[in-house]
Amino acid sequence: MQHIVDMTNLDKYFGDLHVLQDINLSVSPGEVVVVIGASGSGKSTLIRCVNGLEEFESGSLVVDGHELAPKGANQQNLQNIRKEVGMVFQQFNLFPHLSVKDNVMLAPMKVRGASRSEAADSAMKLLDRVGIANQADKSPKQLSGGQQQRVAIARALAMEPRLMLFDEPTSALDPEMIGEVLDVMRELAKEGMTMMVVTHEMGFAREVADRVIYIHGGRIVEEGKPADVFDHPQNERTQSFLSRVLKH
């Protein structure tokens, strides 16, 4: 089975800072991979490399059969990759001057060439899927943070992606709103969506992930099934990290 993501010996720098070091990681179709680690460990940079939001200096990266070249090389496959990859950010990045429905319609019309009626029908189905079809005609500022993040998920799904990336999707939310976003993500996982998720929500990681990756100092230092990583971590750094975060 061909992997959706294949990273081999990938290195990424910010100036002199070696942010990602010799990353080797593959993701299979239908797999949910959750990336955990302390702030500044490189986990968000890792998934931002997958859709070309961050360029890398060396190594190789293939996404859904399209090779993404290192920094400075020809990026002809970048647009193909972005058509197949949906991304949900910490901040919702919705267009404030557009209605909720129009936010979801925009990408299929501009990128996929969908007609306005096709995009509208799809948008309403997706908004229903994430539980906020009744908010379709409102502007984003009229919605709660949790609702806005669900719109952002619907917008990403509107591209019919083969892979969904989530970069700490609940970190900007009030605690009472986190659950409604995680519920949508749980449903996507149950439906077989391939997902890479950066999160501090350890309960979600344990419940939903097929595989958990722990990153420290830009390196993958431990990976495995959630029960193995959380209950029987082998690396001392993983043990130290989990002893801190699981106490809270």
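A residue is called buried when its relative accessible area is under 20%, exposed when it is over 50%, and partly exposed in between, using a 1.4 Å probe and protein chains only. The model is predicted: local features need pLDDT of at least 70, side-chain atom pairs count only at pLDDT 80 or more, and totals for chains, interfaces and linings use all residues. Residues are numbered from 1 along each chain as its sequence is written, and side-chain values use heavy atoms, with hydrogens and water left out. Helices (H or I, at least four residues) and strands (E, at least two) are DSSP runs, numbered from the N terminus.

**Helix α1**

- Helix α1 is mostly covered, with seven of its eight residues buried.
- The buried residues of α1 are K43, S44, T45, L46, I47, C49 and V50.
- Just after α1, G52 adopts a positive phi of about 80°.

**The six-stranded sheet**

- Six strands make an open sheet in the order β6-β7-β8-β3-β9-β10, and the pairing is mixed; two strands pair if DSSP finds at least two bridges between them.
- Strands β6 (85–88) and β10 (219–224) stand at the edges, each with a single partner strand, so one side of each has no neighbour in the sheet.
- From one strand to the next, the twist averages 20°.
- Helix α1 (residues 43–50) packs on this sheet, where it touches β3, β6, β7 (163–167), β8 and β9 (211–216), and its direction makes about 150° with that of β7. Contact means heavy atoms within 4.5 Å.
- Strands β3 (residues 32–36) and β8 (residues 195–198) pair in the parallel sense over four bridges.
- The bridge partner of V32 in β8 is M195.
- Helix α6 lies across β3, β7 and β8, and runs at about 150° to β8.

**The four-stranded sheet**

- A second open sheet has four strands in the order β2-β1-β4-β5, with antiparallel pairing.
- Its edge strands are β2 (17–27) and β5 (66–68), each of which pairs on one side only.
- The twist in this sheet averages 25° from one strand to the next.
- Strand β4 (residues 58–63) pairs with β5 in the antiparallel sense over three bridges.
- Opposite H66 in β5 stands V63.

**Packing of helices**

- Two packed helices are described by the angle between their axes and the distance between the axes. Axes are lines fitted to C-alpha atoms, for helices over the stretch in contact, and angles run from 0 to 180 degrees between N-to-C directions.
- Helix α5 (residues 145–157) packs with helix α6 (residues 175–190) at an angle of about 20°, and their axes are 8 Å apart.
- Helices α5 and α6 are therefore roughly parallel to each other. Angles under 35 degrees count as roughly parallel, over 145 as roughly antiparallel, 65 to 115 as roughly perpendicular, and the rest as oblique.
- The crossing of α5 and α6 is right-handed. A crossing is right-handed if the near helix is turned clockwise from the far one by less than a right angle, and left-handed if anticlockwise.
- The contact is made by G145, G146, Q147, Q149, R150, I153 and L157 of α5, together with M177, E180, V181, V184, M185 and L188 of α6.
- By class, this contact of α5 with α6 has seven nonpolar, four polar and two charged residues. Ala, Val, Leu, Ile, Met, Phe, Trp, Tyr, Cys and Pro count as nonpolar, Asp, Glu, Lys and Arg as charged, and the others, Gly among them, as polar.
- Helix α3 (residues 100–112) packs with α5 at an angle of about 25°, with axes 8 Å apart.
- Helices α3 and α5 are therefore roughly parallel to each other, and their crossing is right-handed.
- From α3, V100, N103 and V104 meet V151, A154 and R155 of α5.
- The contact of α3 with α5 comprises four nonpolar, one polar and one charged residues.

**Two individual residues**

- V100 belongs to helix α3 and counts as buried, at 1% relative accessibility.
- Not counting residues up to four places away in sequence, V100 touches L127, Q135, A136, K138, L143 and V151.
- The C-alpha atoms of V100 and Q135 are separated by 7.0 Å, although the two residues are 35 residues apart along the chain.
- S26 lies in strand β2 and is partly exposed, with a relative accessible area of 22%.
- Not counting residues up to four places away in sequence, S26 touches H3, V5, D6, E31 and R211.
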